Amino acid sequence: MAERRGFGLDLPDYPWNALAPYRRTAQEHPGGVVDLSIGTPVDPTPLVIQDALAAAADAPGYPTTHGTPALREAVATWYAQRRGVPDLDPDAVMPTVGSKELVAWLPLLLGLGPGDVVVRPVVAYPTYDIGAQIAGAESVAAASLDELEPAVRERVRMVWVNSPGNPTGIVRDVESLRRLVDQARAQGAVVVSDECYAELGWGRWDVSEGGEPVPSVLDPRVSGGDMSLLFSAYSLSKQSNLAGYRAAFLAGDPALMPSLVNSRKHAGMIVAYPVQEAMRVALGDTAHVAAQKSLYRDRRAALKPAVEAFGLRVEHSEAGLYLWATAGEDTWTTVERFARLGIVVGPGTFYGDAGHGYVRLSLTATDERMAAAVERLTAAL
């Protein structure tokens, strides 16, 4: 009898497990651990959103996979008011169970498979690679399709954009996005832009400080007024402290969306109705977003100079919740130096070969813990 293959997907080990020994080192610090490694929100979920969730708690029936009309209208209105995207058809919107599951499953749901190429950013969230692997496709890192060999380029079916980028904080301007969209469309490839940090721009991209909004791939200046072969993915985890709700959505190509909705109906990929209502209310309230951003702005202003004084160079970090930094040494040497101060940071090696030598520091720590980190880094001098 032929030997049967084993059960389970052949995926790489979850990378964050490699931090365990450094966490143990950090835990030995008498002042306690300051965890700047994972960007999980720590501030309270705004009461206006909690109240919306509670008000919708009596939900005995199945929710709709496509999302309630009221939620989809709220998403379309939000794109028009906050992202410079007018005339988004609410039917071309769909809620997702957070954005990570979308990233992991979208290549498969789009019908990609062996022989197809998925392009992702050079320094990137590892789930882009996992999504390609689940579909049986090939993942290739590139900032532009011009970097690819002709034999690879002709097989490109999907291009991931991540702007603002995680972990780098790089923001693609309108010209850069439009150029990539034109390249992909010439190949007949879908462009999916992961834009989850768009409301968290700094400097040039900080609207409340006189800057300009982070552009969306659906912006008419990028799309040419045509959303075909384009999707924007967004999450409320960071701007609204809703990571525990798993609240996100996809918007874009009106011709491709029905197939995605149908596939997710078959698979039972449904956002709970109370969460859909919480999302609807969150999208209509800008006050809590501004208040939360103000907290992150203050934490960033405190942490960045302390990290630089500790000997690291902060690169990019134009938007988002992270500082992307290097000390010009091996990544794990830097991780160890922080751990001895009781501070856990994210290794840049988790984000691809181009992340070697870098670490990622999150702004998602309480004011008290962030102050402790700043004090330790300053004292270490």
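**Domains and pockets**

Tutor: The second largest pocket lies between domain 1 (17–44 + 288–380) and domain 2 (48–284), because both give residues to its lining. Domain bounds come from an automatic or database domain assignment. This is a predicted model, where local features need pLDDT of at least 70, side-chain atom pairs count only at pLDDT 80 or more, and totals for chains, interfaces and linings use all residues. Residues are numbered from 1 along each chain as its sequence is written, and side-chain values use heavy atoms, with hydrogens and water left out.

Student: How far apart are the C-alpha centres of domain 1 and domain 2?

Tutor: Those centres lie 27 Å apart. As for contact (heavy atoms within 4.5 Å), 27 residues of domain 1 meet 31 residues of domain 2.

Student: Back to the second largest pocket. Which residues lie nearest its centre?

Tutor: Pro121, Val122, Val123, Thr168 and Ile170, out of 22 lining residues. A pocket here is an open set of points on a 1 Å grid over the protein atoms alone, where a 1.4 Å probe fits, with protein on both sides within 12 Å along at least five of seven lines; lining residues have an atom within 4 Å of a point. Its volume is about 350 Å³, taken as the space filled by probe spheres set on the points.

Student: Which strand gives the most to that lining?

Tutor: Strand β5 (residues 156–162), with four residues. Strands (E, at least two residues) and helices (H or I, at least four) are DSSP runs, numbered from the N terminus.

Student: And what is the volume of the largest pocket?

Tutor: About 890 Å³. It is lined by 37 residues, and Tyr14, Trp16, Lys100, Tyr125 and Thr127 are the closest to its centre. Helix α5 (127–135) supplies the largest share of the lining, five residues.

Student: How does that lining divide by class?

Tutor: Into 18 nonpolar, 11 polar and eight charged residues. Ala, Val, Leu, Ile, Met, Phe, Trp, Tyr, Cys and Pro count as nonpolar, Asp, Glu, Lys and Arg as charged, and the others, Gly among them, as polar.

Student: Switching to helices. At what angle do α2 and α10 cross?

Tutor: Roughly 145°, with the axes of α2 (residues 47–55) and α10 (residues 273–283) coming within 8 Å. Axes are lines fitted to C-alpha atoms over the stretch in contact, and angles run from 0 to 180 degrees between N-to-C directions.

Student: Which residues of α2 make the contact?

Tutor: Val48, Ile49, Ala52 and Leu53, while the α10 side includes Pro274, Val275 and Glu277.
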